[in-house]
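Thanks for coming, everyone. Please have a look at what is on the screen, and I will walk you through a few places in it.

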Amino acid sequence: MYPYGSGMPYSSHPSTSEQPKVPFGVGWVFAPVQQIVPHSTPFPLPDTLSNQQQQQQQFHQNPNFQHVGSVSSCPYPPTSAPYPGNTPYSINHVQSMPSHQHSQSQFNQHLNATYPAGYTPAMTSAYGYDSSNHYARQQGPGNVPSFGHGQVPPQGHGHEHRQGYGYSHEHVQHSLNQRFTANNEGTPTLLPAQVFDPVKDAHDLRKAMKGFGTDEDKLIEIICRRNNEQRQEIQRQYKTHFGKDLIEDIKGETSGNFQKLLVGLLRPIVDYYCAELNDAMAGLGTDEEVLIEILCTLSNVEIHTIKNQYLRLFGAHLESELKSETSGNFKRLLISLCAAARDESGRVDPNKAKEDARELLKAGELRVGTDESMFNMILCQRNYQQLKLIFQEYESITGHSLEKAIKKEFSGDIMEGLIAIYKCVTNKAEYFASRLHKSMAGIGTNDKQLIRVIITRCEIDLADIKVAFERLYGKSLKSWIKGDTSGHYKHALYALVGEQRSS
C-alpha cells in the first residue's frame, strides 16, 4: 500500500481472499494499540474506582510499579468493507487488575465515543495522535487522566508507561514510520542494509562531521544506503551517544540541495509528507501540484495517518487548511480525497462499470458544460480495479480514453487532479516518471519536486519508475540526473536511485 502511495496498486488490486496490504513496503509490524476511554465518558467507572485508587496508592508507594493496560493487534479494517466503517467504533477499555486478570464487566461500555472535530476515529495512539491541544485531561482527587479515543497523553506528563495509557514519543514515531515504509506493491531501489549496526553508523557520522571539514562521501554512504526505519534508529543512537541532534548537525555541516536531501531522508516519512503539505500551503500562494501528487496517490490509511500527524505537528486540521487554500471544483476534489473513503475492496461489477461510464459521458461530453460532481464522486469513491473497468467501458463507448475527455472538459488544477487519479489507476509508475521528468525538463531544475519523488518512492517502486522513465523519454533517469545536478547532491541521488557513482 506506502507508505503511502501504498495501498494503491498499479495494475491490479488484491482479491478479497488475499490479506489486505499494508502501507509503504517492507518492515510492517502490527503495533499493539491501547484502547482508551473517550474523554466524553466519566472516568473512573464506578465498578473500577476502588481498584484504580489501589493502583494509584501502589504507584505512590512504589515508583517502579507499572500499570499494564490491555493491548491487542491492530490490523487494518477488512478490505471487504469501506474504510472507515459506517458504524461507530466501539471503545473496549480493559483495565488490568492487580492479579492481571481482566474484568469482563468493563468490555463494550462506551459505544458512542465522541471525537475532536476533524479527528479520524480509525487512528489510534500507535498512529501518533498526541497533540496537547486536542485532548481533555481530567484531574482531581482519585481521578486518573482520561483521553479521547485514539489519543495518548502529550509528552512530558509522565503517563506513557506508568499508567499504560499510550506509548512514548519514540514508539509512536517508530510505529508511524513502519506504516509508511511497509509496501510490497513495487520494486524499490533502496533496501534495508543487511549488515546494520546503528551504533557504528552513529559514530561514523559523528566522525565525518567532527573537526575541520566534512566527509560528505561518508554521509552519503550511511544516510543514503539505509532505509527510513534504520535511519531513525541511527538518529536515536546518535542522540544517545553524543547528546546532539543528527539533523541539526547535518544542517550545520552541509548546504543547498545536498542538505535538503539528507534532512528529508532523516525525517520519519509521515512527518516528511506533512511538512511537504504544510510548505505547499504556507505563505502567499499554494503549490497545487504538491497537493495533487500526495493526496491523489495515497491509500486511505495513509491519508488518515497523515491527517492525524498533521494535526499533531502543526496544530491544524489538514482539511481546514485545504479549504482555506483552494477553491471551486478543485477544493471539492481535494476534500473528497482527504476524506479517505475510497472503496478498497478490489471487488468489480461489470454492469456497474458500464453504468458509471455512461454517467461520466452524460456528465461531460454529452452536455453543454460539465457536471464536475459526477466525475468527483466516481473517481474518488470507486476502487482501482473498478475504475479500470469504467475506463475500458468509456473507451469502448466513445472510441477515446477518459483522459482525453477530461482534458477536453476541464482545465487548470481540477484537470490535473483528475488526470493524476486516472494515471495512478492505469500505471502509477508512469505517473511518477512524468513527475520526475517535469522536475528536470526545460530550463532549470525543480529540485524540491525531484527530491520529494526520490525520497518518497525509493523504498517502494523507484525501480519500476526508472523503467517507465526510460520507456517514456528515451533516456535513463541517471542520465537526466547527471545533466541536471552536480557534486555530492548528484552522488546522493545516484545512491538512492540504485545507480553506481560516476564522474
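Let's start with one residue. Ala340 counts as buried, because its relative accessibility is 2% and the cut-off for buried is under 20%. Where is Ala340? It is in the loop between α12 and α13, and α13 covers 350-363. Its backbone deserves a look too. Ala340 is not a glycine, yet its phi is positive, at about 50 degrees.

Now step back for a moment. This is a predicted model, so please keep that in mind throughout. What does the secondary structure of the protein come to? It comes to 21 helices and four strands. The protein has 503 residues, and 54% of them are buried. Next, the contacts. Take those between residues at least 6 apart in sequence: 74% of them join residues at least 24 apart.

Back to α12, and its partner α11. A word on the description. Two packed helices are described by the angle between their axes and the distance between the axes. Here, α11 is residues 318-325 and α12 is residues 328-338. Their axes come within 9 Å. They cross at roughly 170 degrees. An angle over 145 counts as roughly antiparallel, and α11 and α12 are therefore roughly antiparallel to each other. Which residues make the contact? From α11 they are Leu318, Glu319, Leu322 and Lys323. From α12 they are Lys331, Leu334, Ile335 and Cys338. By class, this contact of α11 with α12 has five nonpolar residues, three charged and no polar ones.

Next stop, helix α3. It has 12 residues, and from first C-alpha to last it reaches 17 Å. That is close to the 16 Å expected at 1.5 Å a residue. Which residues of α3 are buried? They are Pro198, Asp201, Ala202, Asp204, Leu205, Ala208 and Met209. Seen down the helix axis, the buried residues of α3 fall within an arc of 165 degrees, so they line one face of the helix. Here is the general background. An α-helix has 3.6 residues a turn, so residues three or four places apart point the same way. And what do the buried residues of α3 pack against? Three helices: α4 (216-223), α5 (228-242) and α6 (246-253).

Stay on α3 and pick out Met209. This residue lies in α3, which runs over residues 198-209. Met209 is buried, with a relative accessible area of 3%. Leave aside its neighbours within four places in sequence. Met209 is then in contact with Thr214, Leu219, Tyr238, Leu246, Asp249, Ile250 and Glu253. Take Leu219 from that list. Met209 and Leu219 are 10 residues apart in sequence, and 8.7 Å apart in space, C-alpha to C-alpha.

Last region. Thr445 sits in the loop between α17 (412-440) and α18 (447-457). Is Thr445 buried or partly exposed? It is partly exposed, with a relative accessible area of 23%. Beyond its neighbours within four places in sequence, Thr445 is in contact with Ser439, Met440, Leu450 and Asp484. Thr445 and Ile481 are 36 residues apart in sequence, but 9.9 Å apart in space, C-alpha to C-alpha.

Ser439 is buried, with a relative accessible area of 2%. Not counting residues up to four places away in sequence, Ser439 touches Gly444, Thr445, Asn446, Gln449 and Leu450.

That's my tour. Over to you.

Terms used: Residues are numbered from 1 along each chain as its sequence is written. This is a predicted model: local features need pLDDT of at least 70, side-chain atom pairs count only at pLDDT 80 or more; totals for chains, interfaces and linings use all residues. Side-chain values use heavy atoms; hydrogens and water are left out. Axes are lines fitted to C-alpha atoms, for helices over the stretch in contact, and angles run from 0 to 180 degrees between N-to-C directions. Helices (H or I, at least four residues) and strands (E, at least two) are DSSP runs, numbered from the N terminus. Angles under 35 degrees count as roughly parallel, over 145 as roughly antiparallel, 65 to 115 as roughly perpendicular and the rest as oblique. Contact means heavy atoms within 4.5 Å. Ala, Val, Leu, Ile, Met, Phe, Trp, Tyr, Cys and Pro count as nonpolar, Asp, Glu, Lys and Arg as charged, and the others, Gly among them, as polar. Buried means under 20% relative accessible area, exposed over 50%, partly exposed in between (1.4 Å probe, protein chains only). The expected span of a helix is 1.5 Å times one less than its number of residues. The arc is that of the directions from the helix axis to the C-beta atoms.
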